[in-house]
Amino acid sequence: MSALRNDLLEIRDLLENWVIWRDACHWDRFRTCWHPDGRMMATWFQGTPDQFIAISKEGFEKGVRILHFLGGSSIDIRGDRAIAQTKMTISQRAEVEGTLCDVVCTGRFYDFIERRDGKWAIYLRQPIYEKDRIDSVDPTKAPVLDPARLNAFPVGYRHLAYLQTAIGYTVKPDMPGLVGPEVDALYRRGDGWLDGKPAL
């Protein structure tokens, strides 16, 4: 039991460090959260950890602000592999249709984690986008959204996608949500990961 508890604590530290170091731009420390051959999946980016760091640094220098907050975690461990689901919110501020807005998206980080050479690190991070909303920073103003653009994306992240496309990102249209075939397929991949199968 003590060995399992130590593994759970190490993985939880890994998840919390990811958020703190990423949002604080501590990129050298952030890189240690990943296996070098890992993959990051997000609405606006899909690629390797180093690519994610490079594009995040570039965006930050241009004023892009994407912040994260964590809640509880559920972690399943089998041997040297683990699946962690962690409640989270993603918040992003940008101008939308001429109005400065905040988008807050609630969901889960669904992480494929592996221990190599005695160290747990993330191999694949796939967020699950459950619901989101958009609010004007100035409550006396409200953006007028294009319904066709808004409804072109899944309900779990359509406001986030609206903001991100408005500032020039290409947003993936088929990310997992609270329910549906995409999240069902993700759960099957997670089960397979614990059984020793590939994550991708």
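These exercises work through rings, charges and contacts in a predicted model.

**Exercise 1. Classify the ring pair of Trp-44 and Phe-52: is it stacked, edge-to-face or tilted?**

Step 1. A pair of aromatic rings is described by the distance of the centres and the angle of the planes.
Step 2. Take the distance. The centres of Trp-44 and Phe-52 are 5.9 Å apart. The cut-off for a pair is 6.5 Å.
Step 3. Take the angle. The planes stand at 40°. Stacked needs under 30 degrees, and edge-to-face needs over 60. The pair is therefore tilted.
Step 4. Widen the view. The whole structure has 15 aromatic pairs. Ring pairs also build a cluster, with Trp-44, Phe-45 and Phe-52 among its members.

**Exercise 2. Decide whether Trp-44, Phe-52 and Phe-45 are buried or exposed.**

Step 1. Recall the limit: buried means under 20% relative accessible area.
Step 2. Read the values. Trp-44 has 10%. Phe-52 has 2%. Phe-45 has 9%.
Step 3. Conclude. Trp-44 is buried, Phe-52 is buried, and Phe-45 is buried.

**Exercise 3. Locate Phe-45 and find which residues it touches.**

Step 1. Find the place. Phe-45 lies in the loop between strand 1 (34-41) and strand 2 (46-47).
Step 2. Leave out residues up to four places away in sequence. Phe-45 then touches Met-40, Gln-51, Phe-52 and Ile-55.
Step 3. Look further along the chain. Leu-163 is 118 residues from Phe-45, and their C-alpha atoms are 14 Å apart.

**Exercise 4. Trace the salt bridges of Arg-31 to Asp-28 and Asp-50.**

Step 1. Start with Asp-28. Its side chain meets that of Arg-31 at 3.5 Å, N to O. Both residues lie in helix 2 (residues 27-31), three residues apart, about one turn of the helix.
Step 2. Go on to Asp-50. The closest N and O atoms of Arg-31 and Asp-50 are 2.7 Å apart. Asp-50 is in helix 3 (residues 49-61) and Arg-31 in helix 2, so this bridge ties together parts 19 residues apart in sequence.
Step 3. Arg-31 is partly exposed at 34%. Asp-28 is exposed at 62%. Asp-50 is partly exposed at 44%.
Step 4. Count. The structure holds 18 salt bridges.

**Exercise 5. Find which ring lies under the charged end of Arg-65, and which under that of Arg-81.**

Step 1. Take Arg-65. Its charged end sits over the ring of Phe-60, 3.7 Å from the centre.
Step 2. Take Arg-81. Its charged end sits over the ring of Trp-193, 3.6 Å from the centre.

Terms used
Residues numbered from 1 in each chain as written. Predicted model: local features only at pLDDT ≥ 70, side-chain atom pairs only at ≥ 80, totals over all residues. Heavy atoms only, no water. Phe/Tyr/Trp six-rings, centres within 6.5 Å; stacked < 30°, edge-to-face > 60°. Buried < 20%, exposed > 50% of the residue type's maximum accessible area, 1.4 Å probe, protein only. Lys NZ or Arg CZ within 6 Å of the ring centre and 35° of its normal. Helix = DSSP H or I, 4+ residues; strand = E, 2+ residues; numbered from the N terminus. Contact = heavy atoms within 4.5 Å. Salt bridge = Lys/Arg side-chain N within 4 Å of Asp/Glu carboxyl O.
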